[in-house]
Amino acid sequence: MSGSDIPSTAYGLVPTDTTEDVRTRGAGVSTQVAVLPVGSFEQHGPYLPLATDTLVACAIAREIAEAYPVHLLPPVTIACSHEHAAWPGTVSISSVTLHAVVRDIAASLRRSGVEALVLVNGHGGNYVLGNAVQESSARGEPMALFPAPEDWEEARERSGVVTSLLTDMHAGEIETSILLHAHPELVRPGHASADFVADDRRHLLTLGMSAYTDSGVIGRPSLGSAEKGKELLASLADSFGAYFSLLTTGAAAGAGAGDSV
């Protein structure tokens, strides 16, 4: 599937569309879909930046926007990182605030004719996004959360990532690979010797990350590569096709049903 004739390109983290670009793209689809990257601002060990999750979410969203006619939004850069509070630089907002931000953005989009919203989540601690999607969908306002664990698993296998999703919890092989591909200048020396495994994290929500790692890393960043990062993003873009089809056909059907009542 190809995107619109006017691609939704971005410089850094901020899309460069004009209002005419958005109008043109919207005229070519039956149902408009917006993509909102949601990241975080939290420690990622001594070699990846605090903005890693935001950079990852934006890289995925840009890959999607190059392949599908979606409305690419700027990212939410601070979210729910409370488990990382022991490390300097980490900043969080409450889950209530993040939920409200997402709901307000979705409402604003609907007022301008964008019916469906996809949240591209780059941080595992943003649990509330799942609730936001469930509630929105139940109200008949199409929303989706991407990528699902199954999408990550497919991407991991296709790209040759060795570390399991359980072990690759934070600042590991996947995140390092995506940044080595998308932003290699931001990966500092040291990741090749930063591997640390802590698979049993059953008390993470109670104790936080500091109970399981001194460096802030849980995973095997030494195995990361730019080639794996490229393939991870390509696989996720392919997986997004099912979400796009569901939202465009499902949203259209839902709107039709509502109009007939």
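**Figure 1. Strands β3 and β5 in the parallel sheet.** Six bridges join strand β3 (residues 33-38) to strand β5 (residues 116-121) in the parallel sense. Helices (H or I, at least four residues) and strands (E, at least two) are DSSP runs, numbered from the N terminus, and two strands count as paired if DSSP finds at least two bridges between them. The model is predicted: local features need pLDDT of at least 70 and side-chain atom pairs count only at pLDDT 80 or more, whereas totals for chains, interfaces and linings use all residues. Residues are numbered from 1 along each chain as its sequence is written, and side-chain values use heavy atoms, with hydrogens and water left out. V33 has A116 of β5 as its bridge partner. The sheet is open and holds four strands in the order β4-β3-β5-β6, with parallel pairing. Its edges are formed by β4 (71-72) and β6 (143-146), each of which pairs on one side only.

**Figure 2. Helix α3 against the sheet.** Helix α3 (residues 95-111) packs on the sheet and touches β3, β4, β5 and β6. Contact here means heavy atoms within 4.5 Å. The direction of α3 makes about 145 degrees with that of β5; axes are lines fitted to C-alpha atoms, for helices over the stretch in contact, and angles run from 0 to 180 degrees between N-to-C directions.

Figure 3. V91 belongs to the loop between β4 and α3 and counts as partly exposed because its relative accessibility is 36%. Buried means under 20% relative accessible area, exposed over 50%, and partly exposed in between (1.4 Å probe, protein chains only).

**Figure 4. The salt-bridge network of R110, R139 and E141.** Salt bridges link R110, R139 and E141 in a network. A salt bridge is a side-chain nitrogen of Lys or Arg within 4 Å of a carboxyl oxygen of Asp or Glu. The structure holds nine salt bridges. In the one between E141 and R139, the closest N and O atoms are 3.0 Å apart. E141 is buried, at 18% relative accessibility, while R139 is partly exposed, with a relative accessible area of 34%.

Figure 5. R158 and E231 meet through their side chains in a salt bridge (3.5 Å, N to O). Because R158 lies in helix α5 (residues 149-159) and E231 in helix α8 (residues 226-260), the pair ties together parts that are 73 residues apart in sequence. R158 is partly exposed, with a relative accessible area of 41%, and E231 is partly exposed at 30%. A salt bridge also joins the side chains of E173 and K228 (2.7 Å, N to O). This pair links distant parts of the chain, with E173 in helix α6 (residues 173-182) and K228 in helix α8, 55 residues apart. E173 is buried at 0% relative accessibility, and K228 is buried at 16%.

**Figure 6. Surroundings of H84.** H84 lies in the loop between β4 and α3. With a relative accessible area of 1%, H84 is buried. Not counting residues up to four places away in sequence, H84 touches E42, Q43, T90, H123, H170 and M209.

**Figure 7. F196 and I218 in their loops.** F196 is placed in the loop between α6 and α7 (204-207), and I218 in the loop between α7 and α8. F196 counts as partly exposed, at 35% relative accessibility, whereas I218 is buried, with a relative accessible area of 0%. Leaving aside neighbours within four places in sequence, F196 is in contact with Y212, T213, V217, I218 and G219. The C-alpha atoms of F196 and V217 are separated by 6.3 Å, although these residues are 21 residues apart along the chain. Not counting residues up to four places away in sequence, I218 touches several residues, including T167, D168, M169, H170 and F196. I218 and L117 are 31 Å apart in space, C-alpha to C-alpha, and 101 residues apart in sequence.
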